[in-house]
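Could you walk me through this model in my viewer, one selection at a time? I would like to know what to pick next and what is there.

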Amino acid sequence: MISVSNVSMRFGSKVLFEEVSTTFLPGRRYGLTGPNGAGKSTFMKLLTGEIAPQKGTVVRPEKLGVLRQDQFAFDRFRVIDTVIMGNARLWSALEEREFLYAKPEMTEADGMRLGELEGIVGEEDGYAAESDAAILLQGLDIPDDVHERPMSELQGGQKVRVLLAQALFGHPQALLLDEPTNHLDLDSIHWLQDFLTHYEGSLIVISHDRHFLNGVCTHTADIDYQTIITYTGGYDDMVMAKTQIRSQVESDNAQREKKIAQLNDFIARFSAGTRSSQVQSRRKEVERLQTTVLARSNIQRPYIKFAINKPSGRVPLEFEGVTKGFDGLPVVTNFSAIVNRGDKIVLVGRNGQGKTTLLKALMADAPNVDPTPADIDAGKVKWGHEAAIGYFPQDHTGLIRKGMTAAEWLHQFDPAASRQDIHGLLGQMLFSGEEGLKPTEALSGGETARLLFCRIMLQKPNILVLDEPTNHLDLEAINALNIALQKFEGTVLLVTHDQDVMEEVGTRVWHFQHGQIHDFKGSYEDFASTAA
């Protein structure tokens, strides 16, 4: 169990929490929700003990599984050892035991200590530690031949999955996971979801994946109104309950205000007359009926709408024999397809199967995009009549030039646009007021993503090529993007691991598996049912 009592946190004039008290019980799985900036990660750090509350106390169990955010902290250790470190008591015993066995001569005290250490190793299932760690790594798509390698040799996405295995290792009494589905493909997300639904301790998870939260969580702890309110059920259940509660309060307030207006009218008419006792009783009634003050929610909802300047031709894209590999190893081999106007194609498959590689190959000589001929080895790509592309790459590095404000950077893509138009568009994506004047070098990952969407909306393309667009968006922004893509009348090529977006947007699936790409003409839901 994790208990929080009268916790307050503020940064300058901004209040995150005020006198918050809540308990996270064993056997329950809590989604920690709230918009960017509400304090989710700060609250998670309070729970892990990484930071101390400015006021109040946090009580946590001795055995805590935490998803570490520093990818480089374990670079000198083997992958398998990094996972075992998730059980601090076991790892400490194993290290000390190894040190004692390495001594050229052992004292009697050393022998006694070794006996104690062997007892700890036994209590913590240490004799099966490497096989248990290997099972976790396999579930998260870290192959066996990597387990003995140092962490420094792994790519960023692989490191995150190893750190996730570390958090899950050793049967912790509570699990604290901040964005565990980042860098996971859909198969790994399903594996993690199944693992967590069988977990018996207290789980607290931050995620921007609505489908994941709905599938895993029994309760939702929502950070809003400078406090935390716990609702029963997943994310959708919380949204419904929260909306109903607020609607009920607003309805009650409307009734009360109507009644108060009637009473005040009576008081105004008869306060100077002979009906003073009735006037007095109505004044007391007005005091009793004072409306409930509705705190202002800190939820901000962006507005995304992809308009089109001109529609594309009937066939906006066709390609034949597209091939791309790296260091002599093929990734995409001889893939051909015809894309029809209005197709919304989701690219699915495990990480490393070639989804981004294919998009880059198709974009190597696309209209209105800087050419990158090295991104394709062979094949013919033909973009159709009036094709206009809005491209959102997975890697944003260097995409937004430094030394400018957000508004200046955006304005260069349509110099004819008025200042009001630019700031209106920025406001839609939550760059309100002076935030539009923020230096581009100071933008966070989420702000960078939102500014890239501003550019796409300004350009009004008829084809959207989006590679992992939800990675840095909060739930409100992902929902807004989902709705915008459903309403978009053009053509979409989309890589995402957000299952709700896949199911609700996709009309066609390109499935990547074992070096092959299967073109399925139908929704993701239909594809998943045939693949099951």
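Start by selecting N340, which sits in the loop between β11 (329-339) and β12 (344-348); helices (H or I, at least four residues) and strands (E, at least two) are DSSP runs, numbered from the N terminus. This is a predicted model, in which local features need pLDDT of at least 70 and side-chain atom pairs count only at pLDDT 80 or more, while totals for chains, interfaces and linings use all residues. Residues are numbered from 1 along each chain as its sequence is written, and side-chain values use heavy atoms, with hydrogens and water left out.

With a relative accessible area of 32%, N340 is partly exposed (buried means under 20% relative accessible area, exposed over 50%, partly exposed in between, with a 1.4 Å probe and protein chains only). Now show what surrounds this residue: N340 touches R314, V315, P316, T491 and R508, not counting residues up to four places away in sequence. A contact here means heavy atoms within 4.5 Å. For a sense of distance, draw a line from N340 to A167: their C-alpha atoms are separated by 45 Å, and the two residues are 173 apart along the chain.

**Zoom out to the chain**

The protein chain has 17 helices and 18 strands. Its C-alpha atoms fill a box of roughly 105 × 80 × 50 Å, taken along the principal axes. Of its 532 residues, 48% count as buried. Among contacts between residues at least 6 apart in sequence, 67% join residues at least 24 apart.

**Select the cores**

Next, select L177 and L196. These are the residues with the most contacts inside the largest nonpolar core, which has 51 residues. Helix α6 (residues 156-168) contributes the largest share of this core, six residues. A nonpolar core is a set of buried Ala, Val, Leu, Ile, Met, Phe, Trp, Tyr and Cys residues joined through side-chain atoms within 4.5 Å. In soluble globular proteins, nonpolar side chains tend to be buried together.

Then move to a second, separate core of 46 residues, which includes L452, L473, F488 and F520.

**Follow the aromatic rings**

F306 lies in the loop between α10 (276-288) and β10 (317-326), and F488 in the loop between α15 (475-487) and β16 (491-495), so the pair ties together parts that are 182 residues apart in sequence. F306 counts as buried at 8% relative accessibility, and F488 counts as buried at 3%.

Go on to W409 and F413: with ring centres 4.8 Å apart and planes at 65°, they are also an edge-to-face pair. W409 is buried, with a relative accessible area of 1%, whereas F413 is partly exposed at 30%.

How many aromatic pairs does a search of the whole structure find? The search finds 14. Rings of Phe, Tyr and Trp (its six-membered ring) pair if their centres lie within 6.5 Å; planes under 30 degrees apart count as stacked, over 60 as edge-to-face and the rest as tilted. For a cluster linked by ring pairs, select F17, F24, Y30 and F43.

**Look into the cavity**

Select L186, I189, H190, Q193, D209, H211, F212, H497 and Q499 together: these residues line the largest cavity. Its volume is about 40 Å³, and the structure holds one cavity of 30 Å³ or more. On a 1 Å grid over the protein atoms alone, a cavity is a set of points where a 1.4 Å probe fits but cannot get out, and lining residues have an atom within 4 Å of a point. Grid points are joined across faces, edges and corners, and a volume is the space filled by probe spheres set on the points.

Colour α7 (186-197) and α8 (210-216), as each supplies at least two residues of this lining; α7 gives the most, with four.

**Last stop: two aspartates**

Finally, select D125, in the loop between α4 (108-123) and α5 (129-139). Its phi is near 55°, a positive value in a residue other than glycine. D141, in the loop between α5 and α6, has a positive phi near 65°. D125 is partly exposed at 40% relative accessible area, and D141 is partly exposed at 26%.

Terms used. On a 1 Å grid over the protein atoms alone, a cavity is a set of points where a 1.4 Å probe fits but cannot get out, and a pocket is an open set with protein on both sides within 12 Å along at least five of seven lines; lining residues have an atom within 4 Å of a point.
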